[in-house]
Amino acid sequence: MLEPRRTKHRKVQRNQGLTRGEYATKGTRLNFGDFGLKALEKGQVTSRQLEAARVAINRHLQRAGKVWIRVFPDKPVTKTPAETRMGKGKGEPEHYVAPLQKGHVLFEVGGGVSEEVAREALRLGKHKLPLKTKFVVRPGYHAE
């Protein structure tokens with residue numbers, strides 16, 4: 001699963017990071033592939049969800065094309081153990097999430113894959129994610 005090798009701080013505040021703002025300003029266009037999966041709402045995606053979506057996309061493509069993951073889970077989410085009394089501080093980091101805004105591209109598919117195959121692969125990957133997403137095509141793309 002994806003997680004940073006090392007971080008400057010082990011824990012971050014919940015209200016900080018990329019959770020501010022409604023719409024994404026960067027990462028909204030397709031840069032690598034011809035087809036992509038774009039977030040339609042704001043939220044967080046865990047590293048397990050990203051990995052499950054990646055596996056589903058690659059299984060359908062059967063190594064025919066290339067898949068790019070455009071987000072990285074670098075925000076730690078902490079949790080205190082169950083049945084712990086109040087006042088013992090913040091819990092330990094449990095997992096990492098990638099905070100997303102509307103319009104951010106999560107996955108890209110390219111490398112000679114037809115639109116039908118890419119659409120079905122990204123549809124399978126979309127069901128593994130907790131956000132509403134849509135299939136996007138690179139502007140100027142035309143099937144050979």
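These are my notebook entries on one predicted model.

**Ground rules.** I number residues from 1 along each chain as its sequence is written. Since the model is predicted, I take local features only at pLDDT of at least 70 and side-chain atom pairs only at pLDDT 80 or more, while totals for chains, interfaces and linings use all residues, and side-chain values use heavy atoms, with hydrogens and water left out.

**The sheet.** I started with the strands (DSSP runs of E, at least two residues, numbered from the N terminus, as are helices, which are H or I runs of at least four). I found an open sheet of 4 strands in the order 3-6-1-7, with antiparallel pairing; strands pair if DSSP finds at least two bridges between them. Which strands stand at the edges? Strand 3 and strand 7 (133–137) do; each has a single partner strand, so one side of each is left without a neighbour in the sheet. I noted an average twist of 20° from one strand to the next. Angles here run from 0 to 180 degrees between N-to-C directions, with axes as lines fitted to C-alpha atoms, for helices over the stretch in contact.

**Strand 1 against strand 7.** I looked up this antiparallel pair and found 5 bridges joining strand 1 (residues 35–39) to strand 7. Lys38 stands opposite Lys134 of strand 7. I also checked Thr133 in strand 7. At 10% relative accessibility, Thr133 counts as buried (buried is under 20% relative accessible area, exposed over 50%, partly exposed in between, with a 1.4 Å probe and protein chains only). Thr133 touches Leu37, Lys38, Ala39, Leu40 and Lys126, leaving out residues up to four places away in sequence; contact means heavy atoms within 4.5 Å.

**Helix 1.** I checked the length: at 1.5 Å a residue, its 15 residues should span 21 Å, and the end C-alpha atoms are 21 Å apart, which agrees. The expected span is 1.5 Å times one less than the number of residues. Helix 1 lies across strand 3 and strand 6 (105–110), at about 15° to strand 6. Its buried residues are Ser47, Leu50, Ala53, Ala56, Ile57 and Leu61. Their cover includes strand 2 (43–46), strand 3, strand 5, strand 6 and helix 2.

**The core.** How many residues has the largest nonpolar core? I found 23, and those with the most contacts inside it are Ile57, Phe107, Val109 and Leu122. Such a core is a set of buried Ala, Val, Leu, Ile, Met, Phe, Trp, Tyr and Cys residues joined through side-chain atoms within 4.5 Å. Strand 1, helix 1, strand 5, strand 6 and helix 2 (115–126) each supply at least two of its residues, and helix 1 gives the most, with 4. I followed Val109 too: beyond four places in sequence, its contacts include Phe35, Ile57, Trp68 and Leu122.

**After helix 1.** Most residues other than glycine have a negative phi. Just after helix 1, though, Gln62 takes a positive phi of about 50°. Arg63 has a positive phi of about 60°; it sits in the loop between helix 1 (47–61) and strand 3 (66–69) and is exposed, at 81% relative accessibility. Gly65 is in the loop between helix 1 and strand 3, partly exposed at 25%. I found Gly65 and Gly110 45 residues apart in sequence but 5.7 Å apart in space, C-alpha to C-alpha.

**Another positive phi.** Glu83 has a phi near 60°. I located Glu83 in the loop between strand 4 (75–79) and strand 5 (92–100), exposed at 86% relative accessibility.
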